[in-house]
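This briefing sets out the contacts, ligand surroundings and core of the structure shown below. Please read it alongside the sequence and the coordinates.

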Amino acid sequence: MTAQRVLVAYGTKNGSTAEIAEWVGAALREKGLDTDVLPAAEVGDPGGYDAVLLGSGLYAGRWRHDAVRLARHHRQALARRPVWLFSSGPLDASAGERDIPPAPGPARIAARVGARGHATFGGSLTEGARGFVARQIVKQGKGGDFRDRERIRRWAHSVAAELAEDSPEGPGG
Ligand SMILES: Cc1cc2nc3c(=O)[nH]c(=O)nc-3n(C[C@H](O)[C@H](O)[C@H](O)COP(=O)(O)O)c2cc1C
């Protein structure tokens, strides 16, 4: 029996989505999946994976370019395997209170690659964030860390459960 290979790829500007991706990867490994976590720009070919989870921080309703480019360049490989998307953004508690639908950018990507699901997680913007607007937001006290590690872990476990259903060995295999 070989474990399914899963890729978690991400786009980030300020690093918080990279951490989310690491948490997702750790949760998938807890369920026995052989998981790589990589910046989207470092992904050569997602074709070697059984499933792909792709996410990005949101900037003006869009994903970071690296993540968009990965989805575009490897559209066919992604369309042939199970794919889930995640966005991190809201700088308030909203993502924990209701399911926030994908912004227009990730919604288009989801349609293009036939994603099985999309999750919006709370974002983070703290001291040292890059960019003028980011620094203004933090200065005005409107930043903070709204990522919920436990919710992210539960979401990753739900993805692992779906993959287990798909596997020839069946759930648990
Ligand atoms: C200029 C700017 C624009 C942003 N636009 C959005 C947005 O459209 N939607 C959203 O939910 N969050 C938005 N955010 C919040 C970021 O998505 C959030 O800080 C996220 O965690 C950043 O991810 P990163 O650290 O991986 O770059 C924005 C933040 C900045 C600084």
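The side chains of Arg-147 and Asp-145 are joined by a polar contact of 2.8 Å; a polar contact is a pair of N or O atoms within 3.5 Å, where within protein one atom must be able to donate a hydrogen and the other to accept it, and residues adjacent in sequence count only if both atoms are side-chain atoms. The model is predicted, and local features need pLDDT of at least 70, side-chain atom pairs count only at pLDDT 80 or more, and totals for chains, interfaces and linings use all residues. Residues are numbered from 1 along each chain as its sequence is written, and side-chain values use heavy atoms, with hydrogens and water left out.

**Arg-147**

- Arg-147 sits in the loop between strand E8 (144-145) and H7; helices (H or I, at least four residues) and strands (E, at least two) are DSSP runs numbered from the N terminus.
- The side chain of Arg-147 also reaches the backbone oxygen of Ser-16, at 3.1 Å.
- Arg-147 counts as buried because its relative accessibility is 15%, where buried means under 20% relative accessible area, exposed over 50% and partly exposed in between (1.4 Å probe, protein chains only).

**Ligand surroundings**

- The ligand is surrounded by 20 residues, of which the closest are Thr-12, Ser-16, Thr-17, Leu-58 and Tyr-59; a residue is near a molecule if one of its heavy atoms lies within 4 Å of it.
- Helix H1 (16-30), strand E3 (51-59), strand E7 (124-125) and helix H6 (132-139) each supply at least two residues of the shell around the ligand, and E3 gives the most, with 3 residues.
- The shell residues divide into 8 nonpolar, 11 polar and 1 charged; here Ala, Val, Leu, Ile, Met, Phe, Trp, Tyr, Cys and Pro count as nonpolar, Asp, Glu, Lys and Arg as charged, and the others, Gly among them, as polar.
- An N or O atom in the side chain of Thr-17 is 2.6 Å from an oxygen atom of the ligand.
- A polar side-chain atom of Tyr-59 likewise lies 2.6 Å from an oxygen atom of the ligand.
- A polar backbone atom of Pro-90 is 3.1 Å from an oxygen atom of the ligand.
- The ligand taken alone exposes 650 Å², of which the protein buries 83%; accessible areas come from the Shrake-Rupley method with a 1.4 Å probe, and for residues only the protein chains shown count as cover.

**Domain and nonpolar core**

- An unreviewed UniProt entry places the feature "domain: Flavodoxin-like" at residues 6-160; UniProt positions are given in the numbering used here, feature names are shortened, and annotations may be inferred rather than shown by experiment.
- Over residues 6-160 the chain is 41% helix and 25% strand, with its end C-alpha atoms 10 Å apart.
- The largest nonpolar core has 24 residues, and those with the most contacts inside it are Val-8, Val-24, Leu-28, Leu-53, Phe-86 and Trp-155; a nonpolar core is a set of buried Ala, Val, Leu, Ile, Met, Phe, Trp, Tyr and Cys residues joined through side-chain atoms within 4.5 Å.
- Elements that each supply at least two residues of this core include strand E1 (5-11), strand E5 (83-88) and helix H7 (149-166), while the largest share, 7 residues, comes from H1.

**Individual positions**

- Ala-60, in the loop between E3 and strand E4 (62-63), has a positive phi of about 50 degrees although it is not a glycine.
- Ala-60 counts as exposed because its relative accessibility is 82%.
- Val-68 lies in helix H2 (residues 65-73) and counts as buried at 14% relative accessibility.
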